[in-house]
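Biologist: I'd like to go through this structure with you. Can we take it piece by piece?

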Amino acid sequence: MRKTRRRHRVVSLDDLIGLEELITDEERRVRDTIRRFLADKYIPYADEWFEKEIFPRELVPEIAELGVLGMNLKGYDCPGFGEVAYGLAMMELEYADSGLRSFVSVQGSLCMYPIHRWGSEEQRQRWLPKMAAGEVVACFGLTEPDAGSDPGAMKTRAVRDGDDWVLNGAKMWITNSPQADLAVVWAKTEGNDPRSIRGFLVERGTPGFETPTMRRKMSLRASDTGEIVLSDCRVPEANRLPGAAGLDGPLSCLNQARFGIAFGVIGAARACYDTTLAYTQDRIAFGVPVAKKQLVQQRLVEMATGITRAAVTVIHYGRLKEKGILTPWHVSLVKRDNVEMALETARSARALLGANGIHIEYPVIRHMLNLESVYTYEGTHEVHTLILGRALTGEDGF
Ligand code: TGC
Ligand code: FAD
């Protein structure tokens, strides 16, 4: 007699992570509100915006209303959420597209954070409320044509002239720069010494400030990327961030953004997993759904395991951050590992969709291409290996 096959319960990623036990009701509400907004306003158009290199600037006021700009900063009309709520928001944003999460990371972690932490009271009052409301969009200029992984080698200079500083130099690969109203620019003020690096707020319209767009990216196409060209660009001393000195200034901002990325990429990985699970349950080959095949299941298991490991680690680190005890080494570990996990997940997803895996109609190839940028920016995978290697051994491998 033929044995009847029992259908088994399908376990969700949230069940595997045990997510409901790890987050609070408020964090869940924040996540769900953002999820609903993106399902309506972003995800249906994500493929088109990627294809046509469009960042939907008109959505910025609504994105701001969600409370995600400067989300974990307090005062000055900033939303003031906790670190895990901030991370879950990044996860939702990157489920939609890494370019959207990039916009929010740059605005909040790389531009509002330094003003909040290193700025004068006047700078905070002037800029932070407008940035939280999305009325002022900002960009962060650290990388240069000849200084990426090694920002201490930057050539941009700021020379004091009376009550002003005169800036000369070029930044490239700058997210949001073509549309930014304000740029946080890092420059050396004394010879070639990285300890003389200072941060300056350069306002759109300042003579000698240009932001040409960089086109033809095959990744993060829905994110606006450009240069910052500074030619005798004069800014008042009142626009220097008074508390920032040396590489510590920009690197402390990167700690914030890298933490958000470690959450965000789980969203991209989940989008790939969700698509692939549904696809393989539907797609028939050799007379059965391909999800029935052991080799396919093995890949799905590896994807789900990676996502679970990444989520548990980063939520734990989020709680450490809320206690004020998260270190840059924790951040390097989780940026490095979670981005690699997400990229591997996206590559597996691409393979499991067969030919459809390379078609923009499915989100997988878009996420895979986006994650190549995330692997490189905010410290490449190799840079984080060296930061951790140095922390573990005490030996400098740079
Ligand atoms: P090193 O000797 O390690 O440090 C120099 C000074 O900086 C301090 N420092 C930090 N401070 C705060 N947080 C950190 N994570 C820090 N790491 C180092 C350090 O204490 C020291 O201070 P002091 O006072 O003793 O002088 O520097 P190094 O020359 O060996 O360089 C190594 C380093 C850390 C610069 C390198 O590992 C690194 O991180 N390179 C990566 C550069 C990078 O991430 N660039 C990102 C640009 S922004 C971007 O990509 C945005 S993409 C946004 C988007 O679209 O989402
Ligand atoms: P390089 O530093 O030239 O590195 C080349 C290769 O060498 C890499 O594989 C690297 O890992 C490896 N390498 C470097 N040093 C070592 C070493 N010591 N040992 C072993 N291997 C090493 N920057 C900003 O300032 N603001 C932004 O908003 C911003 N947005 C970005 C958006 C996008 C889409 C991209 C792609 C980049 C963005 N960046 C931004 C720049 C980004 O931070 C840099 O690209 C990154 O830091 C790496 O620098 P690089 O490209 O010059 O690579």
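Biologist: Where is the place of L66?

Modeller: L66 sits in the loop between α5 (60-65) and α6. Keep in mind that this is a predicted model.

Biologist: Is L66 buried or exposed?

Modeller: L66 has 17% relative accessibility. The cut-off for buried is under 20%, so L66 counts as buried.

Biologist: Which residues is L66 in contact with, leaving aside its neighbours within four places in sequence?

Modeller: Those are T33, I34 and F37.

Biologist: And how far apart in space are L66 and T156?

Modeller: They are 36 Å apart, C-alpha to C-alpha. In sequence, 90 residues separate L66 and T156.

Biologist: On to α6. How many residues does it have?

Modeller: α6 has 14 residues. From its first C-alpha to its last it reaches 20 Å. That is close to the 20 Å expected at 1.5 Å a residue.

Biologist: Why is α6 described as largely enclosed by the rest of the structure?

Modeller: Because 13 of its 14 residues are buried.

Biologist: At what angle do α6 and α7 pack?

Modeller: Helix α6 (residues 83-96) and helix α7 (residues 98-118) pack at about 145°. Their axes are 6 Å apart.

Biologist: Which residues make that contact?

Modeller: From α6 come Y86, M90, L93, E94 and A96. From α7 come S98, L100, R101, V104, S105 and S109.

Biologist: How do the residues of the contact divide into nonpolar, polar and charged?

Modeller: In the contact of α6 with α7, six are nonpolar, three are polar and two are charged.

Biologist: Let's switch to the ligands. Which residues come nearest to ligand 1?

Modeller: There are 27 residues around ligand 1. S149, N255, R258, G379 and R390 come nearest.

Biologist: What does R390 do there, in terms of distance?

Modeller: An N or O atom in the side chain of R390 is 2.5 Å from an oxygen atom of ligand 1. S102 also has a side-chain N or O atom by the ligand, 2.9 Å from an oxygen atom of ligand 1. With S149 it is a polar backbone atom, 2.8 Å from a nitrogen atom of ligand 1.

Biologist: Now ligand 2. Which residues come nearest?

Modeller: T143, S149, W173, T380 and E382, out of the 17 residues around ligand 2.

Biologist: Is W173 buried or exposed?

Modeller: Exposed, at 51% relative accessibility. The cut-off for exposed is over 50%.

Biologist: And T380, where does that lie?

Modeller: T380 lies in the loop between α12 (364-376) and α13 (381-393). At 15% relative accessibility, T380 counts as buried. Leaving aside its neighbours within four places in sequence, T380 is in contact with S149 and Y375.

Biologist: What about phi of L220?

Modeller: Phi of L220 is near 45°, a positive value in a residue other than glycine. L220 is in the loop between β6 (209-210) and β7 (225-236). L220 is buried, with a relative accessible area of 4%.

Biologist: Next is W127. Which helix is it in?

Modeller: W127 is in helix α8 (residues 121-132). W127 counts as buried, at 8% relative accessibility.

Biologist: What does W127 touch, not counting residues up to four places away in sequence?

Modeller: W127 touches I115, V136, L182, L201 and E203.

Biologist: Last one, Y317. Where is it found?

Modeller: Y317 is in helix α10 (residues 294-322). At 11% relative accessibility, Y317 counts as buried. Not counting residues up to four places away in sequence, Y317 touches F259, L326, H330, L333 and V334.

Terms used
Residues numbered from 1 in each chain as written. Chains lettered and ligands numbered in written order. Predicted model: local features only at pLDDT ≥ 70, side-chain atom pairs only at ≥ 80, totals over all residues. Heavy atoms only, no water. Axes fitted to C-alpha atoms, helices over the stretch in contact; angles between N-to-C directions. Helix = DSSP H or I, 4+ residues; strand = E, 2+ residues; numbered from the N terminus. Contact = heavy atoms within 4.5 Å. Nonpolar A, V, L, I, M, F, W, Y, C, P; charged D, E, K, R; others polar. Expected span 1.5 Å × (residues − 1). Buried < 20%, exposed > 50% of the residue type's maximum accessible area, 1.4 Å probe, protein only. Near = heavy atom within 4 Å. Polar contact = N/O pair within 3.5 Å; in protein donor to acceptor, adjacent residues only side chain to side chain.
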